[in-house]
Amino acid sequence: MGKQIPNKQIGKTKFKAVEFEGDWLRSFGRPELSGSWLVYGGSGSGKTTFMLQLAKYLTNFSRVAYDSIEQGLTLSFQKAWERTNMIEVGNRFTLIEKESTKKEIWDRMAKRNSPNVLIIDSVNYMQDLNKKEYINLLSNFPNKLFIFVAHEKNKQPMGMLANFIRYNSDIKIHVEGYKAFITTRFEDSERGEGGEPYTIWEQGARDYWAEV
């Protein structure tokens, strides 16, 4: 049975939103760093660079781990790491190489000094995560943020699990042509917070969208 919350308590409940600024505020609003987000896009769209830009920004508020299941530490990942100058954030960022089972992720997040944010790249390479285990993961780690990365097909997240995560996530991000198009439940249109596209690479975006 679910928890019953009195009506008067709804407005009094406090939530911990993070104070994004600048382009991040205009794109994301003021989000909570809990639950799940989904990022999806095609190959060569700027997705990996964007994920590292996002990870770098999130280190201003918490420790971030990046589980690179698909690539691991490759030359292309290293170059994206260099482009975003990730060395600046020191030990607030950690790369995890190819942890692809629910047990590995669960065990890591259950540790005392586990990261507050875990990026899983990509959900399409997870070996045994399903809808039920995804819900259990979020339920058992309510103060953690899981950012799932997915491939796309016909401009939609690829696979049933990725689509399920999209519908359940507070923030959905579609990456195309070096731009990230954000749908956020933390949008405040009156204040201009949330919903603006985020440009990953200015020149690449100009070239791509000039041809579309």
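In this predicted model, a polar contact of 3.3 Å joins the side chains of E193 and R191. E193 is found in the loop between β9 (179-184) and β10 (198-199). The residue is buried, with a relative accessible area of 5%. Leaving aside neighbours within four places in sequence, E193 is in contact with two groups of residues. L25, R26, G29 and R30 are among these contacts. F186, E187 and D188 are also among them.

T184 lies in strand β9. T184 is also buried, at a relative accessible area of 7%; the cut-off for buried is under 20%. The side chain of T184 takes part in two backbone contacts described here. A polar atom of this side chain lies 3.1 Å from the backbone oxygen of F28. The side chain of T184 also reaches the backbone nitrogen of F186, at 2.9 Å. Beyond four places in sequence, T184 is in contact with S27, F28, D170, I171, G194 and G195. T184 and K172 are 12 residues apart in sequence. Their C-alpha atoms are 6.5 Å apart in space.

F28 also belongs to the largest nonpolar core, which has 35 residues. Within this core, F28, F50 and I147 touch the most other members. Helix α3 (residues 47-58) gives the core its largest share, seven residues. I147 is in contact with W37, V39, M51, L54 and L58, among others, when neighbours within four places in sequence are left aside. Another core, of 22 residues, lies apart from the largest one. Its members include A65, I69, F146 and L161. In soluble globular proteins, nonpolar side chains tend to be buried together.

Helix packing was examined for α5 and α6. Two packed helices are described by the angle between their axes and the distance between the axes. The axes of α5 and α6 come within 11 Å and cross at roughly 5°. That crossing angle makes α5 roughly parallel to α6, because angles under 35 degrees count as roughly parallel. From α5, the contact is made by K102, I105 and W106. From α6, E133, N136, L137 and N140 take part. By class, the contact has three nonpolar, two polar and two charged residues.

F164 lies in helix α7 (residues 160-168). At 27% relative accessibility, F164 counts as partly exposed. F164 touches K131, Y134 and I135, not counting residues up to four places away in sequence. F164 and K153 are 11 residues apart along the chain. A distance of 15 Å separates their C-alpha atoms.

Several loops have backbone features of note. The peptide bond from D121 to S122 is cis, with omega near 10°. S122 is placed in the loop between β4 (117-121) and α6 (131-140). Two lysines have positive phi values. Phi of K98 is near 60°, a positive value in a residue other than glycine. K98 is in the loop between β3 (93-97) and α5 (102-110). With a relative accessibility of 42%, K98 counts as partly exposed. K155 has a positive phi of about 65°, although K155 is not a glycine. K155 is placed in the loop between β6 (152-153) and β7 (156-157). Its relative accessibility of 46% makes K155 partly exposed.

G11 is found in the loop between α1 (7-10) and α2 (22-28). At 70% relative accessibility, G11 counts as exposed; the cut-off for exposed is over 50%. G11 and Y178 are 167 residues apart in sequence. Their C-alpha atoms are 39 Å apart in space.

Technical notes: Residues are numbered from 1 along each chain as its sequence is written. This is a predicted model: local features need pLDDT of at least 70, side-chain atom pairs count only at pLDDT 80 or more; totals for chains, interfaces and linings use all residues. Side-chain values use heavy atoms; hydrogens and water are left out. Helices (H or I, at least four residues) and strands (E, at least two) are DSSP runs, numbered from the N terminus. Buried means under 20% relative accessible area, exposed over 50%, partly exposed in between (1.4 Å probe, protein chains only). A polar contact is a pair of N or O atoms within 3.5 Å; within protein, one must be able to donate a hydrogen and the other to accept it, and residues adjacent in sequence count only if both atoms are side-chain atoms. Contact means heavy atoms within 4.5 Å. Axes are lines fitted to C-alpha atoms, for helices over the stretch in contact, and angles run from 0 to 180 degrees between N-to-C directions. Angles under 35 degrees count as roughly parallel, over 145 as roughly antiparallel, 65 to 115 as roughly perpendicular and the rest as oblique. Ala, Val, Leu, Ile, Met, Phe, Trp, Tyr, Cys and Pro count as nonpolar, Asp, Glu, Lys and Arg as charged, and the others, Gly among them, as polar. A nonpolar core is a set of buried Ala, Val, Leu, Ile, Met, Phe, Trp, Tyr and Cys residues joined through side-chain atoms within 4.5 Å.
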